[in-house]
Every structure is written in C-alpha cells, then in structure tokens.
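Work through the exercises below with the sequence and the model side by side. Try each task before reading its solution.

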Amino acid sequence: MLVPYFKDITYYHYNIIPLKKTNTILKTAKETILTESNAIANLTKLIDDNFEDAIKFIFNSKGRVIVTGIGKSANIATKIVATLNSTGTPAIFMHAADAIHGDLGNVQKNDVVICISKSGNTPEIKVLVPFIRNYGNKIVAITGNIDSYLGKNADFTLNAFVEKEACPNNLAPTTSTTAQLVLGDAIAICLLNLRGFTGQDFAKYHPGGALGKRLYLRVSDLVKNNLVPKVETTDSISKVIVEISEKRVGVTAVMESDELVGIITDGDIRRMLSKTPEIAAIKASDIMGTKPKKIAFDAMAIDALNTMEANNISQILVVNDKKKYVGVIHIHDLIKEGIF
C-alpha cells in the first residue's frame, strides 16, 4: 500500500506499508470499536436510581443546565450542550478552568451544573465544586470514579466507569469520553421524553438544511412554483402533448366539468405512440389513468415524497381542502429542496 507524505509543497514521496502492517491496522480498528462498544453496554449495569433522581431534578428545575469539564471532557461537554439545546433543554457550556477566572458569572440561581471528569480529582474541579455548592446550585457529576472528590461532593453522581481506554497505553481519553458522551445523550433523550418533545418542536430548533425542510416544508410551498397543467377529457392527444411540454412537469391532469377525473403522464404518451400510429382521433379520455395519486395542499412535503416512493411515481397531483385540483409536485421539486 502506498501512503503519501509531504517533504515539501512541491513533491509527493511514498512509503510502502507491508501487508502485515495493513492487517494490523484493521485489527486495531476492530479492537478499538469492540472495546468502546463493550464499555457502553456496561453502562446499563451502572445506571441506578441516582440517574433517575438527577433527570427528575433537571426536568423540574426552573433554570438552565450548565455543563462543565476540562480537557477532553470539556469537548464532550460542548456536544452534550448542543444536544440538550436542540432537544428542548436550555443549556450552556462553561469551561472548568475559565469558570474560576470569571465565567462562574454564567451560573444563575436556579441552574443545574453537570460536571464531567474521568478521575473526578483534577485540580480545577476541586476548586470549582465548592464555589458552585456555595452558590446553592445542584451538581450532577459524570465521572469514572464515584469515590473521587467530585463523586462524593456532587448531589447526583452518574457512574461513567470504563475498565480501560482503547489507547494501547491506557492513557489517551477514548473509551472514557465515549462513555461520557453516551450518558449525556441518555440525559438529553430522557428529558426529551418527559417534555413530550415532538417532531414539530424539533423543527423549530432545526429550520436549516435538509433535516429542517423535512420537518416544516409543505406541499403548498412547492406547488406554488409550478405551472398547472390540465386538459379536458375531450381534448385531442395533440393538445395533451402540447400541455405536458409547455408546463414541464411531465404530466397533466384531466378535467371534466371542473372536476379532476384523470391523469396523463409523458409515459402514457410514449406507450400510446408505440401501439398506434393513428393518433388524430384519440382523445385525452382514451389514455388517461382514472385513479391519480393525490395529496392535500397543506400536507407535509415529506409525505408527498413517501407517497411517490410507495407508488413508484415521479409526480403527484395536489388538491385543496375542497378536493379541487390546484397543481402538481414533481420529484425534482423535492430533490431541489434537498428532501430526496
């Protein structure tokens, strides 16, 4: 295997990694994953009433959740804060080192502080904990050592013990930080469930990107940008072809007395032309499908996508609350919005 490295900005040089080394890489990767997954599975044995009490207290508190830590635990704390905020629990990050140099001002009267530390005995934690307690705030500890200073001085102690790090030297925080992260996710999801947090609530906090659009974009937002193809049952096939071509959504609705009675796709046109060269006498009613798939004007765009996929179609007709035809959504509309 050739592995590039830079000697300077102009030339590539290559080292050759023996096959034996490559096999070792795969073995190490698998061992790392298994070590961490086993540690995560073991957390289910460490969860106790302390965890439940902590969740209930956070849920009933009137303040925010302050998450703090130092080193790699601080990095995990920032992710936990992001997850809490996105699932309905107001949270902010406070670095343990900065806290004792002014950032303690972030902690307000009713806030709950989640303190993360593998050892529970780092100097910064030992300095920080007494100040938080003096303020009257409750502390939830996430620590790998429940007998540590942090474990014994917290109001609620969550056991994040891991037998060993994935690092072969048992030094670099790997398995331990994964365990911390998983406990943080467990906290967030428990609070989410207690709040009855719904998909619509989630959409409020995630309005951007494809994820947000899946949660808030409606059929009405898409159909308004499209032309509205339609023909009468008595219209000639020539008019049908022109209507489909001009409106550029690959389909036209077929109407009778202002009522939607059918649909003709460009595929229907091709199949018809392959069967008969005599098209002059053919009317829209002769080739239309009589059971067009429809969706409500105010339905979610993701529901339109699901209907298209379930029926293996590329377009769907849109009707208003009075069942009147108002337009077409094409699969390309959903692709354009990043939903598909």
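**Exercise 1: a covered strand**

Task: Decide for each face of strand S5 which residues cover it, and whether they are buried or exposed.

Solution: On one side of S5 lie Val112, Ile114 and Ile116, on the other Val113, Cys115 and Ser117, and all of them are buried, where buried means under 20% relative accessible area, exposed over 50% and partly exposed in between, with a 1.4 Å probe and protein chains only. Because six of the six residues of S5 are buried, this strand is largely enclosed by the rest of the structure. Strands here are DSSP runs of E with at least two residues, and helices are runs of H or I with at least four, numbered from the N terminus.

Before going on, note that this is a predicted model, in which local features need pLDDT of at least 70 and side-chain atom pairs count only at pLDDT 80 or more, while totals for chains, interfaces and linings use all residues. Residues are numbered from 1 along each chain as its sequence is written, and side-chain values use heavy atoms, with hydrogens and water left out.

**Exercise 2: the partners of S5**

Task: Find how many bridges join S5 to S6, and in which direction the two strands run.

Solution: Start with S3, which runs parallel to S5 and is joined to it by five bridges; two strands pair if DSSP finds at least two bridges between them. Within this pairing, Val67 has Ile114 as its bridge partner. Next, six bridges join S5 to S6, again in parallel, and Ser117 stands opposite Thr143 there. Between S5 and S6 the chain passes through helix H5 (residues 123–134), a right-handed β-α-β crossover, which means that, with the strands pointing away from the viewer, the path from the first strand over the helix to the second runs clockwise.

**Exercise 3: a residue of S3**

Task: Identify the backbone atom that the side chain of Thr68 reaches.

Methods: A polar contact is a pair of N or O atoms within 3.5 Å; within protein, one must be able to donate a hydrogen and the other to accept it, and residues adjacent in sequence count only if both atoms are side-chain atoms.
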